[in-house]
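Subject: Structure handover

Hello,

Here is the structure I promised you. Please open it first, then read my notes below.

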Amino acid sequence: MRRMNTLVFTVLVLLIGNYALGQEKHFEYLDVFDLQYATDPQIRPQGDWVVYRRMGFDILEDRAEGNLWMIRTDGTGHQKMTSREVSESSPTWSPDGQRLAFVSATDEGSEIYLYWMDSGKFARLTQLPASPGSLSWSPDGKQLAFTMNVPEKAPVIVSLPPKPKNAKWAGPPRITDRVYHEADGRGYIPPGFSHLFVVSSEGGAARQVSSGNYHHRGPVAWSSDGTALFFTGNRTEDWEYDFRNSEIYRLNLNSGAIEALTDSPGPDRGLVISPDGKYIAYTGYTDRIQAHQTSELRLMNADGSGKRSLTAALDRSVSGLTWDAKSKGVYFSYDDKGNTKIGYIPLSGDVQKRADNVGGTSIGRPYGGGSFSVSADGVLAYTFTRPEFPSDIAIVGPKDKSPRRITELNRGLLDQRKLGKVEEIWYTSSVDGRDIQGWIVYPPDYESHKKYPLLVENHGGPILNYGDRFTAEIQLYASAGYIVFYPNPRGSTSYGEEFANLLYNNYPGDDYQDVMDGVDACIAKGVAHEDQLFVTGGSAGGIMTAWMIGKNDRFEAAVVAKPVMNWISKTLVADNYFGYANSRYPGQPWENFEGYWKFSPLSLVGNIKTPTMVLVGMNDLRTPPSEAKQLYHALKLRKIETVLVEIPEASHGIANRPSNLISKVAHTLAWMDKYRTSTPE
């Protein structure tokens with residue numbers, strides 16, 4: 001018997017060249033967020049199917065939707081799973097492999113649906129008041145557990161007088177007393193708590209099984225005898241302020257009793273139960289309150305005893321845990337030097353690398369991501385990418401020397417586009433002699449004897465990484481005649497905890513010099529020229545871009561996207577305001593005013609001479625528009641060439657709507673081209 005592969009996967013299709021995106025009605029892309037929620041494999045007797053989610057940007061409707069598709073591991077039988085043309089996500093196999101549970105949109109909201117493999121029929125299972133998540137089958141296939149928000153009443157401060165008949169009053173005030181009350185991309189979070197529910201797989205009323213004013217979150221797993229659920233949460237008295245901490249709990253379905261199985265300070269999460277029910281694998285770290293901490297693969301017995309780390313020697317954060325069929329070891333994903341990989345570790349043994357080049361799942365820029373699933377005999381199905389193409393599905397067996405790509409979903413488009421060559425570069429930091437990694441993307445018709453402008457693209461995070469992955473935005477810049485350089489300076493992930501943690505109380509700091517050393521390396525290599533340097537970046541990349549032009553005037557023009565300009569003002573107005581003290585800088589802003597100001601790019605604004613476009617989403621709650629306006633207003637007062645571009649209906653993730661992604665890229669190129677001296681010569 002083999003294991004059927006469950007892989008939530010989507011595909012990026014876009015137009016590259018002529019500086020345009022989305023000239024067709026519809027293009028498709030990979031939805032990285034859903035990829036993390038549907039990769040728990042179980043033994044399947046049905047054969048080798050891969051189920052994946054195929055996301056699409058509808059250009060006319062300016063929105064994204066995803067449908068479920070199926071394909072056999074030999075590349076045959078490629079088909080859409082249902083006839084519905086609405087959002088479908090989170091496919092989860094029943095234990096016998098005969099059914100798939102999934103979440104799909106309806107006119108009333110998202111519901112749980114079932115798909116029967118033998119007949120190809122599907123049906124709605126639930127009628128819920130809110131959207132379900134973290135679907136999990138009971139071992140006997142008779143029940144499904146899931147999470148769902150249960151609303152609470154907002155606090156009432158006063159009793160307002162009744163509105164006179166036909167009066168045109170404003171709506172009632174919005175009142176909150178919660179620490180976390182808004183989120184970028186979501187806006188205001190209505191009061192309520194995430195709880196666990198159970199419903200029969202044949203339909204019927206859902207039963208709430210958790211209680212208390214705490215969040216009970218997925219992934220959700222069943223005990224092997226079906227009498228208990230395991231979940232992640234924080235049920236301590238001070239849970240709102242202890243926001244970095246989470247534990248793994250066991251809920252007895254008969255008594256309702258909840259028992260904490262972990263007690264380590266820090267996040268314990270991402271749990272998966274071994275097929276034999278004996279072990280729980282999970283990720284976590286012991287919180288030392290610093291800029292970055294590596295998440296380990298941890299193991300404990302199902303009763304919470306015998307805790308130990310399996311990957312302490314790896315020095316890379318792990319995620320996407322998946323047991324092998326015999327409960328002998330765990331698969332996981334991790335980033336190493338800008339490349340996402342799949343590893344495997346036996347319960348007693350060393351890490352073995354099983355696959356490279358996982359990802360291609362971000363819409364525009366070369367961030368990590370991706371998903372995988374494993375068959376009973378160790379065959380991997382995963383999202384596979386190279387700089388030449390976004391994510392496709394690849395298959396690799398335990399004895400295979402290389403993967404076999406079973407889809408080429410963008411071939412029809414990419415055959416009509418010539419991409420720029422992507423080249424890895426290593427250079428030495430002038431700060432401390434560390435090796436720093438970056439990539440150079442050449443224009444599609446690059447000729448070495450010609451002179452091209454260099455565009456530096458700084459990544460966000462800053463605790464993230466760029467890599468050798470497909471990148472639509474950077475390919476667009478290259479197609480416009482720019483050589484693009486994107487580095488992973490200190491603070492980037494995939495080089496170990498010590499390297500990423502160098503930004504603690506030093507951000508922006510020596511990472512600035514790492515980027516500038518990369519610019520000098522490109523000049524020494526002969527691909528960049530001092531009189532034709534440009535720079536851009538968003539979020540943390542916007543911070544770095546603003547810092548760079550405040551530190552020097554070597555750049556002809558800059559586009560500073562969604563930046564933090566003033567850490568004092570940003571920290572206390574952003575949606576994640578509670579998370580900065582002592583992990584980025586010591587103390588709160590009022591306790592360390594000089595420290596927060598020292599690392600604020602606004603402190604350097606008096607030095608800026610570079611023509612600068614400032615770009616931000618109008619609904620951004622992570623780096624609010626007030627931050628971008630501080631830079632724009634300061635430059636206007638100093639009579640420096642500048643323009644403010646405010647993207648409508650855009651949160652921090654500007655690229656979430658196709659029209660906004662098009663606008664961002666087009667404005668960036670227009671500003672750079674304005675200060676470009678000539679075409680390559």
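By class, the residues around the second largest cavity are three nonpolar, four polar and three charged. Here Ala, Val, Leu, Ile, Met, Phe, Trp, Tyr, Cys and Pro count as nonpolar, Asp, Glu, Lys and Arg as charged, and the others, Gly among them, as polar.

A word on the source. This is a predicted model, where local features need pLDDT of at least 70, side-chain atom pairs count only at pLDDT 80 or more, and totals for chains, interfaces and linings use all residues. Residues are numbered from 1 along each chain as its sequence is written, and side-chain values use heavy atoms, with hydrogens and water left out.

**Cavities**

A cavity is a set of points, on a 1 Å grid over the protein atoms alone, where a 1.4 Å probe fits but cannot get out; lining residues have an atom within 4 Å of a point. Grid points are joined across faces, edges and corners, and a volume is the space filled by probe spheres set on the points.

By this rule there are three cavities of 30 Å³ or more. S36, S37 and helix H10 (658-674) each supply at least two of its lining residues. The largest share, three residues, comes from S36. Helices (H or I, at least four residues) and strands (E, at least two) are DSSP runs, numbered from the N terminus.

The largest cavity holds about 100 Å³. It is lined by 14 residues, and His459, Pro462, Pro489, Asp511 and Met544 lie nearest its centre. H5 and H6 each give at least two residues to this lining. H6 has the largest share, with three residues. The lining divides into seven nonpolar, five polar and two charged residues.

**The sheet**

What is the order of the eight strands in the open sheet? The order is S32-S33-S35-S34-S36-S37-S38-S39, with mixed pairing. Strand S32 (422-428) and strand S39 (642-647) stand at the edges with a single partner strand each, so one side of each has no neighbour in the sheet. Two strands pair if DSSP finds at least two bridges between them. Neighbouring strands are turned by 20 degrees against each other on average, direction ignored.

Look at S34 (residues 454-458) and S35 (residues 483-488). They run parallel and are joined by three bridges. Leu455 has Val484 in S35 as its bridge partner.

**Two helices**

Helix H5 (residues 510-525) packs on the sheet and touches S32, S33, S34, S35 and S36. Contact means heavy atoms within 4.5 Å. Helix H6 (residues 540-551) lies across S34, S36, S37 and S38, at about 145 degrees to S36. Axes are lines fitted to C-alpha atoms, for helices over the stretch in contact, and angles run from 0 to 180 degrees between N-to-C directions.

The axes of H5 and H6 come within 10 Å and cross at roughly 80 degrees. H5 and H6 are therefore roughly perpendicular to each other, a term for angles of 65 to 115 degrees. Asp511, Tyr512, Val515 and Met516 of H5 meet Met544, Trp547, Met548 and Lys551 of H6. This contact has six nonpolar, no polar and two charged residues.

**A hairpin**

Strands S4 (residues 63-72) and S5 (residues 79-80) pair in the antiparallel sense over two bridges. Trp69 stands opposite Lys80 in S5. Six residues lie between these strands, and Gly75 in this hairpin takes a positive phi near 90 degrees.

Best wishes

Conventions
Parallel < 35°, antiparallel > 145°, perpendicular 65-115°, else oblique. 1 Å grid on protein atoms, 1.4 Å probe; cavity = no way out; pocket = protein on both sides within 12 Å on 5 of 7 lines; lining within 4 Å.
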